[in-house]
Every structure is written in structure tokens, then in C-alpha cells.
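Take a look at the chain below. We will walk through it one contact at a time.

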Amino acid sequence: MSIGILVLFIIVISMLFNGVVLGVHSLILNNELVEDLANKLNRFVSSRKHLISFSLLVLSGFGVRQVTIYYLFSGVYFWFVIFTFGLLLPLYIAPISAMFLPNVKKEYKYWSWFSKFYWNVIGSSSLLWGLLMLIDTSTKIYADESGGTFHYGNHSLKILGGLCLIIVSMYVATSLAGRKRTASQH
């Protein structure tokens, strides 16, 4: 039952993030200033793919490290991964896959439904973990399942990790919207 709920949750957040991508896409299409900015950004990204991939790796890696410290290795949360037979684990490490997006060469209109779903899950998991890191102000890291043993983490690093993941999510959303824009122009 928990696996079914997890799959349903992943589908729902993917569709919600697709709505964000469509919103950014309509903003790009309806505003010439934003479209010019998108064209300049597209040229910048295409000339510096490796630098952007490395930057995304660093940002998402730092954010995922903070997420795993507070929400995976902290007490009872690891049992959620075990009870879902490891299916929840990819949601923890999904933002790291954003580093591959600058190197994707296939045009958006030729993507399969799985590719669109995959990138939406990457972006939505980055956004959700980033927002959770910013909203949750507790810095307790529990060492056992009972919650009796804990130590405090660094609040500034937790906030910085959340901001890093939101930046990664914004990059994925604008990149997907930009690819969709170029696909609709052809």
C-alpha cells in the first residue's frame, strides 16, 4: 500500500512541476524581453555546458547532503526507505541528476513521456526538498528511532542547502521551458 501511495505522490508532484514549466513557458512566449533573455541564456548555456553541469553538481550535491543529514539518516526516516523497498531513496538523490540536463541534445518535441516525467520528477523533488529545508526550522538530528538521542546541526548550512536545491529546481524549470519554446518555434 505504501508503494502505491509513493508512486501516486511522485506522479502528482511531477504533474504539478509540469504546470510550473508550462507557466514559465507561457511567460517566455508572451514577453519579448523575457524571450530575448531566454535566447541569451540559451547561447550562454550551450557554450558552457561543462561548467554549468559542474555547478549543478556542486549545488545539488550540497543540497542533497543537507537533505540526507536531516531527513534520511536522522532516526526513523531511514525506515521509510526500507518500508518502501528502496523506492523512496531516488527521491532523496534525484536532484543530483540535474547535472545531466545541459548535455541533453534531443529536442523537446521528440522526448518520450518517460523523459518528460523524469525531468519533472528531478525538478519537483529539488523544489520540494528545498522548500522543506527552508520551512523546517528545527536543526535536531536524531540518532535513534525513539527521538531520545539527538544533536544539533548548523541552521545556516541547512538554509543554504535549501536555497541550492531551489536554484537547481529553477534551472530545471527554465531549461525545460526554454526547450519547449524552441520546440514550439520549429
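How many salt bridges does the count come to? The count comes to one salt bridge. Keep in mind that this is a predicted model. The partners are Lys158 and Asp136, whose side chains meet at 3.3 Å, N to O. The pair links distant parts of the chain. Lys158 sits in helix H7, residues 155–185. Asp136 sits in the loop between H6 and strand S1, which covers 140–142. They are 22 residues apart.

Is Lys158 buried or exposed? Its relative accessible area is 0%, so Lys158 counts as buried. Asp136 has a relative accessible area of 26%, so it counts as partly exposed.

Now step back to the whole chain. It has seven helices and two strands. Along the sequence the pattern reads α-α-α-α-α-α-β-β-α. The chain has 186 residues, and 37% of them count as buried. Take the contacts with a separation of 6 or more. Of these, 79% join residues 24 or more positions apart.

Next, follow helix H3. Helix H3 spans residues 49–72, and helix H6 spans residues 113–135. The two pack at an angle of about 65 degrees. Their axes are 11 Å apart. The crossing of H3 past H6 is left-handed. Which residues make the contact? H3 brings Gln66, Val67, Tyr70 and Tyr71. H6 brings Trp129, Leu132 and Met133. Six residues of this contact are nonpolar, one is polar and none is charged.

Leaving out residues up to four places away in sequence, Gln66 touches Met133, Leu157, Lys158 and Gly161. Lys158 is also the salt-bridge partner of Asp136.

Two other residues of H3 make a contrast. Arg65 lies in helix H3. Arg65 has a relative accessible area of 49%, so it is partly exposed. Is Ser60 buried or exposed? Its relative accessibility is 0%, so Ser60 counts as buried. Beyond residues up to four places away in sequence, Ser60 touches Pro95, Ile96, Leu165 and Val168.

Now for the nonpolar cores. The largest one has 17 residues. Phe17, Val21, Leu101, Trp119, Tyr171, Val172 and Leu176 touch the most other members. Helix H1 (2–29), H3, H6 and H7 each supply at least two residues of this core. Which helix gives the most? H7 does, with six residues.

Zoom in on Trp119. Skip its neighbours within four places in sequence. Trp119 is then in contact with Phe17, Ser97, Ala98, Phe100, Leu101, Val104, Trp111, Val172 and Leu176.

Ala98 is one of those partners. Ala98 lies in the loop between helix H5 (89–93) and H6. Neighbours within four places in sequence aside, Ala98 is in contact with Leu56, Trp119, Ile122, Val168 and Val172. Ala98 and Ile122 are 24 residues apart in sequence, but their C-alpha atoms are 6.6 Å apart in space.

A second, separate core has 14 residues. Its members include Tyr70, Tyr71, Leu91 and Trp129. Tyr70, Tyr71 and Trp129 also take part in the contact between H3 and H6.

Finish with Tyr92, in helix H5. Tyr92 has a relative accessible area of 4%, so it is buried. Which residues does Tyr92 touch, not counting residues up to four places away in sequence? They are Val64, Val67, Tyr71, Leu72, Tyr77, Val81 and Trp129. Tyr92 and Leu72 are 20 residues apart in sequence. In space, their C-alpha atoms are 7.8 Å apart.

Methods:
Residues numbered from 1 in each chain as written. Predicted model: local features only at pLDDT ≥ 70, side-chain atom pairs only at ≥ 80, totals over all residues. Heavy atoms only, no water. Axes fitted to C-alpha atoms, helices over the stretch in contact; angles between N-to-C directions. Helix = DSSP H or I, 4+ residues; strand = E, 2+ residues; numbered from the N terminus. Left-handed = near helix turned anticlockwise from the far one by under 90°. Contact = heavy atoms within 4.5 Å. Nonpolar A, V, L, I, M, F, W, Y, C, P; charged D, E, K, R; others polar. Salt bridge = Lys/Arg side-chain N within 4 Å of Asp/Glu carboxyl O. Buried < 20%, exposed > 50% of the residue type's maximum accessible area, 1.4 Å probe, protein only. Core = buried A, V, L, I, M, F, W, Y, C linked by side-chain atoms within 4.5 Å.
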